Amino acid sequence: MEYRVLGRSGILVSELCLGTMTFGNTTNEQDSIEMIHRFLDRGGNFIDTADVYVGGKSEEIVGRAIREKRSEVILATKVRFPTSQDINHVGLSRKHILDGVEASLRRLNTDYIDLYQLHVWDHVTPIEETLRTLDDLVSAGKVRYIGCSNFLAYQLMKSLSVSDFNRYARFISIQPQYSLVCRTMDREMIPLCLEENVGIIPWAPLGGGFLTGRYVRGEEPTEGRLSAKAGESRWELRNTEKNFRILDEVKAIARETEKSPAQVALNWLIRKPGITSPIFGASTLEQFEDNMGALGWKLSSEQWTRLDEISALDEEYPQRFIEKFRRKSTDER
């Protein structure tokens, strides 16, 4: 296991982060705790959960699993979504955040949260109120660092500016969806994070399971996270010719390296500049072991470039325009 500095902070996190959204749902408690223990035994120290995962069960399981090794774990959780039917038990108001952090601390059976993240932007609460509340939690020692998830680039930059102007605690990380089949963050978010030294912790690094190689052209799945049975079908988002060309390349490299498609896709992401620690999840111990197999080896530069190029976004305005004049200015000098 290798480690990276998380954004503009002094903490080191493992190159993979264990996601726990399935814990207490598709993964029973015994297997969930076993995954956490195996992860820690192999050098992993970064675990991510949220107050709404399985109605708080995920946090409870994580708390029980890490009780004896709490100081060795960088523990992340999130706040924003409804936690009850009460009209104020949602959003990023001072009330909901303060209520939410106390409830998370109880479920996690801990005195502090290492990384407290905003699950998504709140269009009702002024960001100044939210950031002041988070700053108070950092000052009180209940939260050590703060981050965000699912923000647009302007929302992240606005938040950083408000924090800098008021001398509040600053976001050290963002948690966006990012993978070989979802690279929209390349347009503005990743350049912003590199410029502002914000760590990137991608979720869905396997594209909702698409990059495991289990899906076939022209066959809509009846099982799994991309099926209509899962509640909200994401098949239309993944069922494109470009995505299947990416998957074909992943499978080809998997054969060359004698690794699984999931291991190849994760290895590409781990080596992507700007990426701190992809969040991987697993419903079974077999899936957990397969994902952990992404560690301890590297794609060749030629293999990594093949994947990077085939999955790259098409050039669009203003990126194309900016790049044109960047090259021209360089040539003139």
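Biologist: Which helix comes within 10 Å of α1, axis to axis?
Modeller: In this predicted model, the axis of helix α1 (residues 29-41) comes within 10 Å of the axis of helix α10 (residues 285-292), and the two cross at roughly 20°.

Biologist: How are α1 and α10 oriented to each other?
Modeller: Angles under 35 degrees count as roughly parallel, so α1 and α10 are roughly parallel to each other. The crossing of α1 past α10 is right-handed.

Biologist: Which residues meet there, between α1 and α10?
Modeller: From α1, Asp31, Glu34, Met35, Arg38 and Phe39. They meet Leu285, Phe288, Glu289 and Met292 of α10.

Biologist: And what about α4 and α5, at what angle do they pack?
Modeller: About 60°, with the axes of α4 and α5 10 Å apart. α4 and α5 are therefore oblique to each other. Their crossing is right-handed.

Biologist: Which residues of α4 and α5 meet?
Modeller: Ile127, Glu128 and Leu131 on the α4 side, and Lys158, Ser159, Val162 and Ser163 on the α5 side.

Biologist: Staying in α4, is Thr130 buried or exposed?
Modeller: Thr130, a residue of helix α4, has a relative accessible area of 1%, so it is buried.

Biologist: What is Thr130 in contact with, leaving aside neighbours within four places in sequence?
Modeller: Leu92, Ile97, Leu118 and Thr125. Ile11 is another matter: its C-alpha atom is separated from that of Thr130 by 24 Å, and the two residues are 119 apart along the chain.

Biologist: Switching to rings. How many aromatic pairs are there in the whole structure?
Modeller: A search finds 13. One of the pairs is Trp121 with Tyr154, with ring centres 6.4 Å apart and planes at 55°. Planes under 30 degrees apart count as stacked and over 60 as edge-to-face, so this pair of Trp121 and Tyr154 is tilted.

Biologist: Where do Trp121 and Tyr154 sit in the chain?
Modeller: Trp121 is in the loop between β6 (113-118) and α4 (127-140), while Tyr154 is in helix α5 (residues 153-166). They are 33 residues apart, and the pair links distant parts of the chain.

Biologist: Is Trp121 buried or exposed?
Modeller: Trp121 has 10% relative accessibility, so it counts as buried.

Biologist: Which residues form a cluster with Trp121?
Modeller: Phe151, Tyr154 and Phe171 form one aromatic cluster with Trp121.

Biologist: What lies over the face of Tyr112?
Modeller: Arg70, at 4.0 Å from the ring centre, and also Arg144, at 3.6 Å from the ring centre.

Biologist: Now the backbone. Which peptide bond is cis?
Modeller: The bond from Tyr317 to Pro318 is cis, with omega near 5°. Pro318 is in the loop between α11 (301-311) and α12 (319-332).

Biologist: What is the phi of Asn197?
Modeller: About 60°, a positive value although Asn197 is not a glycine. Asn197 is in the loop between α6 (189-196) and β9 (199-200), and its 39% relative accessibility makes it partly exposed.

Biologist: And what is phi of Glu258?
Modeller: Near 60°, a positive value in a residue other than glycine. Glu258 is in the loop between α8 (241-257) and α9 (261-270). With 74% relative accessibility, Glu258 counts as exposed.

Methods
Residues numbered from 1 in each chain as written. Predicted model: local features only at pLDDT ≥ 70, side-chain atom pairs only at ≥ 80, totals over all residues. Heavy atoms only, no water. Phe/Tyr/Trp six-rings, centres within 6.5 Å; stacked < 30°, edge-to-face > 60°. Helix = DSSP H or I, 4+ residues; strand = E, 2+ residues; numbered from the N terminus. Buried < 20%, exposed > 50% of the residue type's maximum accessible area, 1.4 Å probe, protein only. Lys NZ or Arg CZ within 6 Å of the ring centre and 35° of its normal. Axes fitted to C-alpha atoms, helices over the stretch in contact; angles between N-to-C directions. Parallel < 35°, antiparallel > 145°, perpendicular 65-115°, else oblique. Left-handed = near helix turned anticlockwise from the far one by under 90°. Contact = heavy atoms within 4.5 Å.
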